[in-house]
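Work through the exercises below with the sequence and the 3D structure at hand. Each task is followed by a solution in steps.

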Amino acid sequence: YEEKARKLQTFQDGEELFGLPKTEYPELQQTQHDLHLLSQLYTLYTSCTKSVEGYLLLPVRKLNVTLPNVTKELEHFDERIQGLPKLLWKYPAYKEMKETVDNLTSILPLVRMLINPAMRPRHWQEVMVITQTVLEITSPTFSVKDLLDANLQKHQHSLHDICQAAQLELQTEEKLQEVSGEWERSALSFINFKNTGPIILDVNKTRLLAQSLDEFQVALHTLLNSQHSVPFREPINQLLAKFVSFLDLLDVWLHVQHTWWYVGVVFSGDDISTQLPQEAKRFRNVNTAYVALMQDAFTLRYVMMVHEQRDGMFHTLLELREQVNLSSECGRVAVCFSMPFSDSCVFWAVGNMSEVPHWVPGLEAGCVSAALLRVRHGPARVTFLEFGPERLAAAAAGPLRLRALVGCRQADRVGHGGAVAGRRIPRVPLRDQLRTSCRTDAR
């Protein structure tokens, strides 16, 4: 055609030179028109084929970056294909090119879902089972062509369900990681106590920490009840067990700390320590062990690190709780009967053992007798008797000493062999009890 086109141009130039009419060659003109159309088709075909081959060889692990550009280029090719003259639609090249672009465009949404970071090896295993293919997902040469060869379109609905489940499992995994991160970052707060350093838990911050752990427990239970938590149930249960055991440790820890602090105040005076030498010695041992334990805990500080030592700390705290409770019972009773209180407080301490007020926590009925019998130079026997209304009225008439209120006669106190008779007061609300302030001497 090019040779004939040159001859045609030469003939037309000669006819124009000699003023001859131009001769028409319709077959040659039609050929020129057809060649122009085919040039458009095959130029686009060549460009599209080359680009698609490059897309198919793209590594799947890099598609997250390149996929947006691929999508735009495929849309551009589709527009150019649609813009070709209809005379070209019958050519095999056109049909092949359009089919290739359409197939790749339709498969891109599935590819986009499969390259989602939520997809894990377990999900790819399900994909291979459904498509009955073997995909080398860990190979650096794993490409888009491998996905196309797996006939993904035939299993579009099943693959969509797998990808959706993977996305929901990713949310569960992220929530679990968030809770685990908070667990690792959480730390205990200590405050200084006298000259011994930071050996006391900050109660307010510790309660906030316990509240946060409770909230995380609720979140983990919610995750555990989800149908998408199956792959994470073991780590969720392990983390829940850590929360539960650490909260149990905190409960015992705060109880021991509160009792230790209270008993420390009681035995700080020489008077009570002299009256209860055995209990004072027991508390000194408890105090030494408690301070050493708190210093170790302050060194660890982080909740996760403290929990790693949880078994040893919990065992030690249980032993301290037992010992400090023994000292606490005696110390509280000694406080009630050796320090100045109003008569209403004394009536509470002596007459209402089953309803313990807030200032003597843990004081139980019967412990008064046992504690008084251990007081140095104290009574050998303690008896509680009924307290009649007339005696209560007499007590309300003016300030009295505890010795008179509990019915103790001076003649009954004969060294260590005497007897003390204590009279029990009927239960009367605190606001209705005696309000007259008086100094008492329980010794």
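A residue is called buried under 20% relative accessible area, exposed over 50%, and partly exposed in between (1.4 Å probe, protein chains only). The model is predicted, so local features need pLDDT of at least 70 and side-chain atom pairs count only at pLDDT 80 or more, while totals for chains, interfaces and linings use all residues. Residues are numbered from 1 along each chain as its sequence is written, and side-chain values use heavy atoms, with hydrogens and water left out.

**Exercise 1.** Decide whether F18 is buried or exposed.

Solution. Start with the location: F18 sits in the loop between helix 1 (2-17) and helix 2 (26-56). Helices (H or I, at least four residues) and strands (E, at least two) are DSSP runs, numbered from the N terminus. Next, take the relative accessible area of F18, which is 66%, so F18 is exposed.

**Exercise 2.** Describe how helix 4 and helix 7 are placed relative to each other.

Solution. Two packed helices are described by the angle between their axes and the distance between the axes. The axes of helix 4 (residues 92-114) and helix 7 (residues 156-185) come within 10 Å and cross at roughly 30°. Axes are lines fitted to C-alpha atoms, for helices over the stretch in contact, and angles run from 0 to 180 degrees between N-to-C directions. Angles under 35 degrees count as roughly parallel, over 145 as roughly antiparallel, 65 to 115 as roughly perpendicular and the rest as oblique. Helix 4 and helix 7 are therefore roughly parallel to each other.

**Exercise 3.** State what separates K145 and D149 along their helix.

Solution. The side chains of K145 and D149 meet in a salt bridge (3.1 Å, N to O). K145 and D149 are four residues apart in helix 6, so about one helical turn separates them. K145 is partly exposed at 40% relative accessibility, and D149 is partly exposed at 47%.

Conventions. Salt bridge = Lys/Arg side-chain N within 4 Å of Asp/Glu carboxyl O.
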